[in-house]
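Welcome! Here is a short tour of a structure that may be new to you. Take a look at it first, and then read on.

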Amino acid sequence: MKLFSMINRLFIPLFLLLALVFLNGCTTVLVSPSDEKLVTDTEAFYKKAAGMIEDGRSVSPLKDDDRANIANLTDHKGHFTKFESKYNELIIDTEALILRAMASDGKIDSTGHALQSKISEMIENAIPSKCQELSVGFSKTSLTAKNYVDLKCIVLKWKGQHSDMKLTKNTQILKKANWEGRKLTVFNAVLAIQKAEGFKQQKTKLEGIE
C-alpha cells in the first residue's frame, strides 16, 4: 500500500501539472528543480539497501521450522541485532536525501505550494499513509521531499518488522522470503523517484528550447 501511495503521489501530481500548464499557460512549480546529486545519491542509497537485503537473505532461514530450530538466536547472523546498525545507517541516508530535496523548496512559488497542498490532501484522503506522523511533519515541503519521506518510512517499517517478536515468532529473525519481498519494494520505490526526476529533467530541457 505504501508503494502504491508513493507511485500515486508521484504521477497524479505530474498529470495535474501538465493539465494546468496546457489549460492556463502557467509555470507554477509543484516540485523542486531537477538535482543531479540527488539522483546520484538515490542510486547510492539503492545499492546500499540492496546490499543489506542480499546479506539478510543469504543468512536467513527458508522456512518457519528452520527458524524454530535455531539454538542461539542472538548469535545467529540473521538476528535483528546484527542488522540494527545497518537500518540506522539507511535511515540517516534517507534523512540526508530529504534535506537535499528540501534545499530547493525555496524555489517553489506560493501558488505552487497552495496547489501542492490541495493535491497532497486529495491523495492522503484517498490513500492513508502508513507513516502519518512523519508525513504530517513534512506537509509543507515539496512533493520531491515527500517521496524521500516515504522512502524513510519504508526503512522504518523494515526495522520495526525485524525487531517485532510476534511477527518473527519470538526470534527477531526474518525468513528469506521477507528479504526477497523487500528487494522488490525498494527497487520499485527508487525507480518511481528516478522516473519523476527524469520527468523534471525533460521539462527543463523543453523550457530551455522555448
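A contact here means heavy atoms within 4.5 Å. By that rule, residues 24 or more positions apart account for 82% of the contacts in the chain with a separation of 6 or more. Please keep in mind that this is a predicted model, where local features need pLDDT of at least 70, side-chain atom pairs count only at pLDDT 80 or more, and totals for chains, interfaces and linings use all residues. Residues are numbered from 1 along each chain as its sequence is written, and side-chain values use heavy atoms, with hydrogens and water left out.

**Overall build**
- The chain has eight helices and zero strands (DSSP runs numbered from the N terminus: H or I of at least four residues for helices, E of at least two for strands).
- Of its 210 residues, 42% count as buried (under 20% relative accessible area with a 1.4 Å probe, protein chains only; exposed is over 50%, and partly exposed is in between).

- Leaving aside residues up to four places away in sequence, Phe-45 touches several residues, including Leu-90, Leu-151 and Val-186.

**The loop between H7 and H8**
- Lys-169 lies in this loop and has a positive phi near 55°; Lys-169 is exposed, at 53% relative accessible area.
- Gln-172 also sits in the loop between H7 and H8, with phi near 55°, but Gln-172 is buried, at 17%.
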